[in-house]
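These are my notebook entries on a structure that is new to me. I record what I looked up, entry by entry.

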Amino acid sequence: MGKLVISENVTLDLVVQDPTGEEGFAAGGWGTRLSAADQSAFAAFYAAEAASASALLLGRRTYEWFASRWVPRTGEWAERLATMPKFVVSSKLTDLPWPNTTVIGLDEVPSLKDRVDGDIVVNASGRLVSTLFGSGWADTLRLLVFPYVLGTGDRLPAPDALRLVENRTVGEALVALTYAMR
């Protein structure tokens with residue numbers, strides 16, 4: 001049986017908006033301000049997450065953003081992402097440039113846990129994450145916390161009760177927090 005793992009990059013004040021600075025948000029780009037050592041630790045963290053995941057679940061906009069960046073890449077991490085099953089919640093998506101992608105309806109999300117054995121990781125996908133929190137379908141929340149306070153921006157939606165199950169430092173400036181939902 002699979003479990004839905006929400007995996008998000010957040011600032012100390014839980015802002016998730018525009019970590020790369022490509023959306024035009026005035027406080028965007030916070031995810032790119034890391035030292036070279038922390039950038040390497042960040043990449044290792046997410047490569048390990050991909051290696052241990054059984055599938056990805058993404059919203060349409062996140063899928064399009066990820067696919068545009070990952071399809072042309074090579075290397076172990078890129079190959080892992082290309083070969084793993086990817087499920088995209090969308091009623092509009094027709095172009096699927098990333099291999100092993102299946103478009104599903106929101107109503108099919110709960111059955112993924114029966115069809116996929118292991119972690120089904122949800123990266124970014126703000127609208128989908130909000131729905132997953134509200135529906136009670138998410139099992140785990142994994143946060144990679146960046147050492148910045150922005151004071152403005154779109155924040156992670158508030159999930160129900162959480163129980164901390166793991167915390168660790170990633171590199172010199174990042175903290176990974178893992179919570180069980182409910």
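**Entry 1: a pair of aromatic rings**

I began with Phe 42, which is partly exposed, with a relative accessible area of 24%. The model is a predicted one. I then searched the whole structure for aromatic pairs and found seven. In one of them, the ring centres of Phe 42 and Phe 146 are 6.0 Å apart and the planes meet at 65°, so I noted the pair as edge-to-face. This pair joins distant parts of the chain, since Phe 42 belongs to helix H1 and Phe 146 to strand S6, 104 residues apart. I looked up the burial of Phe 146 as well: its relative accessible area is 1%, so it is buried.

I next noted Trp 65 and Phe 66, an aromatic pair with 5.8 Å from centre to centre and 55° between the planes, which makes it tilted. Trp 65 is partly exposed at a relative accessible area of 33%, whereas Phe 66 is buried at 16%.

Which residues do ring pairs link into a cluster? I listed Trp 30, Phe 42, Phe 45, Tyr 46 and Phe 146.

**Entry 2: charges over rings**

I found Arg 33 over the face of Tyr 148, at 5.3 Å from the ring centre. I also recorded Lys 86, whose charged end sits over the ring of Trp 98, 4.9 Å from the centre of that ring.

How many of the eight residues of strand S8 are buried? I noted seven within residues 174-181, so the strand is largely enclosed by the rest of the structure.

I then looked up the pairing of S8. Strand S6 (residues 140-146) pairs with S8 in the antiparallel sense over six bridges, and Thr 140 has Ala 180 as its bridge partner in S8. Strand S7 (residues 162-170) also pairs with S8 in the antiparallel sense, over eight bridges. Leu 174 in S8 stands opposite Val 170. Three residues lie between the strands in the hairpin of S7 and S8, where Gly 171 takes a positive phi near 70°.

**Entry 3: Gln 17**

I turned to Gln 17, in the loop between strand S1 (2-11) and helix H1 (36-52). Is Gln 17 buried or exposed? I recorded a relative accessible area of 19%, which is under the 20% limit, so Gln 17 counts as buried. A polar atom of the Gln 17 side chain lies 2.8 Å from the backbone nitrogen of Asp 154. Setting aside neighbours within four places in sequence, I listed the contacts of Gln 17 as Glu 23, Phe 25, Trp 30, Gly 153 and Asp 154.

Key. Residues numbered from 1 in each chain as written. Predicted model: local features only at pLDDT ≥ 70, side-chain atom pairs only at ≥ 80, totals over all residues. Heavy atoms only, no water. Helix = DSSP H or I, 4+ residues; strand = E, 2+ residues; numbered from the N terminus. Buried < 20%, exposed > 50% of the residue type's maximum accessible area, 1.4 Å probe, protein only. Polar contact = N/O pair within 3.5 Å; in protein donor to acceptor, adjacent residues only side chain to side chain. Contact = heavy atoms within 4.5 Å. Pairing = 2+ DSSP bridges. Phe/Tyr/Trp six-rings, centres within 6.5 Å; stacked < 30°, edge-to-face > 60°. Lys NZ or Arg CZ within 6 Å of the ring centre and 35° of its normal.
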